[in-house]
Amino acid sequence: MRKKAIGLSMGRIFLLLAVWGIPFLCPAASANEWHELKGKSLEVIEGSVLDFSKVVPNSPAGAQGWVQIDEVGRLGFAGKSPQRFLCASIVPSPPNGGFPAKEEADRWVAQMQRTGYNLVRLHYVDASLMTGRKGDFDFDPASLDRMHYLMAKLKAAGIYWLVDGLTSDNGAYGNVKPHRWKNLHDLKERLFYDPAALAHWKRLVTALWGKVNPYTGLAPLNDPAMLGMVLVNEGGIAFVSTLDGRYADGLKRPFGAWLATRYANEAALKKAWGSEATSHDRVGVSAEVPDAIRGAGKRSRDFAAFVAERETALYREMEAHVRSRGFKGLVTSYNNWDFNHANGVRNALQWVDMHAYQSLPSRFTSPGSKLPQTSLFDDAGRYGRVLSSARQWGKPFTVTEHGQPFWNQWRFESTAWLPAMAAFQGWDAICQFAELPILLDYADSTLERRQAIHPFSVGADPITRAGERLAALLFRRGDVEPSRTRVILEMDMASLFAGGNVWGQTPERLSRMALVAGTGLAAEGQLAGKPRSRDMRVPLNSGAHGWLDKASNIALKKGFMVGGDPVAQLRKAGLLPASNPTDFSDGVFESDTGQIRLDTPHKTISVATARTVALSVRSGSLDAGPIGLASASGPVTVAVGAVDDQEIEQSKRLLVWVLTDAQNTGMEFADRERTTLKKLGRFPPRIRSVTGQVSIRHGGAAGLKVWAIDQTGRRVANVPARVEKGRLRFALDNVIPEVGPVTYFEVAVR
């Protein structure tokens, strides 16, 4: 397995790891710090405080026609407000049980509705349907039927689909041994130079997604419940080549042919390349590919421009194919890495999709596997900023893979912060990467991924599973307001490759603007027309020396470089309130709406809206809006959300989250930092305890009562509470006598 700390998604990790589960490592803890979760059922009870099917209700998928792109690049339906999508990720690999049988599928879909999902990403379907098959395109009929049934049930429940045209390098080739995650065919790489590979892709898409689903009466390609297709998941030439450690020899001939569009002959090439040119470089015939993946020489510069044109041309041909089959949904590709090169290519796409993570395990769950115990505070939420730096104004933007996965002990930080960031930035969909977003119980199982929490086991992990409900409120319901400002980072497409900075990224200080204001890219001149009053345009080409607020057409500071103080420029332009405490030097960041604050020195996060408030601390006290947290004994995210669509201070039913950390029973680490896995352990999960005090300012505080809630939403214990000066106060203790640890409390009228 190869990894990249930020921006590498799971496409190739699954290629090497996802089929066969392996063990983990974990550190010692005192006996009273971790408590075994009681009860095996995880199915949320209809009508309980955890049932979000009425909080964020779904309308039938496809009933309003195909999802469309409005005039500003947002997703929605004709004549309707923009629609946000909270996405569940499903990887139907053998260790997860493949596609569920019909009875289990019914239960899955009910639980997805009750979580607040309105979109599902079906990932690695090609590998799943071809598991154990000997002939090409010989999809397993039982698995295909199960997939069709699941898709039909999702559609009926108002949950759209997002799929890959190709995920596995083996595509639909048969007789792949020892398993589908061993790359035998290099299909993603060959697509760029082998016509047989492209023909295989076209047949795969037609056979898989063009086949009529007997449960809907439509082929998915013709069904408006299909929101979009990623033509090839993580299929950029540079990314695939990085995993292989080299550029493919098959690119030599097309590279040589491309050079004929730039140079008249070998003499002209040698004049341009100088000593880098060799006798093997023949204009119009063949040319050597660069030795270094991220080289900066003249050969590498031309090769990057060639790759950009090759990737764009492949996208166009693939898009034309799915359109010819009647698909009217969204299409995209090249959905990872935020380098200038990738951003330039994505500028030609209909929709931009992106992947990024806070940290990733090195060898999944094998003994010795390492997962960095990095926190959002270590790099000012860089993984979220990487996503924002790839967003492009005027196009839909989705995140189909994100996460701060198990066993990162600080993953409670992302439960509120990432969905709040997504809502603030105005993204269209977010999908925390999961193999199984839903787990029905902690019962004994013969399936590897249903025996313990694994990385990306969202359904099995009490922390990340609870975070999906926070996302349903903060992001999908829209409790967090979008930014009032639009910072436009202008890419000079003409000089991008000529300047040799194709492997550059958005400068760190400009990237941090995403914590303060709406941020995204655009090609220079792409957003021409009447400027918005709260636009700030920042040229990114190497010759840019000034920030220019084109709304007022005033140069804000002559000679201002991108390494200066962006916050000062926002204030000078009147785009940031003077009271905003953001200071890049001090590591304090507050959104221009005032709702989100990331305080890296004190390691606190607050998200404060009228209907939901979330507070993350390492210990101690923090308050925001009507919610106060006092004397927290350890790391925790405490959130309070109104589930009756009222504001917190008037709500008659509130859900309280208490999210710390969870491990498997018997989990062991080789180091105190919990970086290196020694033993994965098994269910049931054990949750880290925390104590403190919670207070809620409420107009009817005297009429409220508090209960501890189990994983199904059932009230399991009364919690003493008192009212002081219009605030409901109760002890925060997530370990209830005779009940065990809990992650939720309910506050409701008596």
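Author: What follows describes the sheet, its pairings and the helices against it. This is a predicted model, in which local features need pLDDT of at least 70 and side-chain atom pairs count only at pLDDT 80 or more, while totals for chains, interfaces and linings use all residues. Residues are numbered from 1 along each chain as its sequence is written, and side-chain values use heavy atoms, with hydrogens and water left out.

The sheet is open and antiparallel, with 9 strands in the order β17-β18-β19-β20-β23-β24-β36-β30-β31; strands (E, at least two residues) and helices (H or I, at least four) are DSSP runs numbered from the N terminus, and two strands pair if DSSP finds at least two bridges between them. Its edges are β17 (588-590) and β31 (715-719), each pairing on one side only, and the twist from one strand to the next averages 15°, where axes are lines fitted to C-alpha atoms, for helices over the stretch in contact, and angles run from 0 to 180 degrees between N-to-C directions.

Strand β36 (residues 744-749) is joined to the antiparallel β30 (residues 704-709) by 6 bridges, with K705 opposite A748 and V706 partnered by V747. The pairing of β36 with β24 is also antiparallel, over 5 bridges, and there L655 stands opposite E746. In β36, 5 of 6 residues are buried, that is, under 20% relative accessible area with a 1.4 Å probe, protein chains only.

Helix α13 (residues 414-425) touches β18, β19, β20, β23 and β24, its direction making about 130° with that of β18; contact means heavy atoms within 4.5 Å. Helix α14 (residues 462-476) lies across β19, β20, β23, β24 and β36, at about 140° to β24.

Note on methods
Buried < 20%, exposed > 50% of the residue type's maximum accessible area, 1.4 Å probe, protein only.
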